[in-house]
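Subject: the model, plus some notes

Hi,

Here is the structure I promised to pass on.

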Amino acid sequence: MDVVCSSLPSPRSRSSAAILPRKPTALSFSSSFQFQGFVVDRKQSSSSIQTAAVRHLVGSVTKTQGLRFAVVVARFNEIVTKPLLEGALDTFRKYSVNEEDIDVVWVPGSFEIGIVAERLGKSRNYHAILCIGAVIRGDTTHYDAVANSVASGVLSAGLNSGVPCIFGVLTCENMDQALNRAGGKSGNKGAECALTAVS
């Protein structure tokens, strides 16, 4: 039996994504079945499904001309957030993002990142927003409340603005873990965020 279906149209995006051409795909099944939403032609003796392949959007890290980025950085734990910011800016330079296409906005702490990121996203001036901060566990449950609120805030900022908000807030057990992720032996998470934004 032959089953024919087509792929859904994809929404248009302002990001630097390349669309790969569609290729038809055949799937074979050895027994009869009912597949909701598809037209099954029982006249054919062949057991295959013909589908148009799903479009794959692949980010490009070679074309950054015209892309604009915002970076929201928490001042609290600046010993950690400043190297994260430097890693992000260095990655943007490596991928030829113009300095005038990057805006850095400092906020008091990680808790405030989400609301500022959402406002920047809604301005429609940026292709992506990096959210950089560091929440380090202390002796109280304050860490859990802040870490959860920051994650939720950044997610909401992206959903409500329609602009990707990249989560670059470290949530660490101690200062050593945070410093290791801010350019130490575990790399620089700010640089990784910038690469994600460019992609």
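Below is what turned up in it, by topic.

First, the ground rules: this is a predicted model, where local features need pLDDT of at least 70 and side-chain atom pairs count only at pLDDT 80 or more, while totals for chains, interfaces and linings use all residues. Residues are numbered from 1 along each chain as its sequence is written, and side-chain values use heavy atoms, with hydrogens and water left out.

Among the buried residues of α3 are Y143, V146, V150 and V154 (buried is under 20% relative accessible area, exposed over 50%, partly exposed in between, with a 1.4 Å probe and protein chains only).

Next, aromatics. The whole structure has 1 aromatic pair (ring centres of Phe, Tyr or Trp, the last by its six-membered ring, within 6.5 Å; planes under 30 degrees apart are stacked, over 60 edge-to-face, the rest tilted). The ring centres of F69 and F92 are 4.7 Å apart with planes at 20 degrees, so they count as stacked. F69 is in strand β7 and F92 in helix α1, so the pair ties together parts 23 residues apart in sequence. Both are buried.

Finally, there are 7 salt bridges (a Lys or Arg side-chain nitrogen within 4 Å of an Asp or Glu carboxyl oxygen). One joins R68 and D101 at 3.6 Å, N to O. R68 is in the loop between β6 and β7 and D101 in the loop between α1 and β8, so this bridge links parts 33 residues apart in sequence. R68 is partly exposed at 23%, whereas D101 is buried at 13%. Another bridge pairs D90 with K94 at 3.4 Å; both lie in α1, 4 residues apart, about one turn of the helix. K94 is exposed, at 61%, and D90 partly exposed, at 32%.

Cheers

Key. Helices (H or I, at least four residues) and strands (E, at least two) are DSSP runs, numbered from the N terminus.
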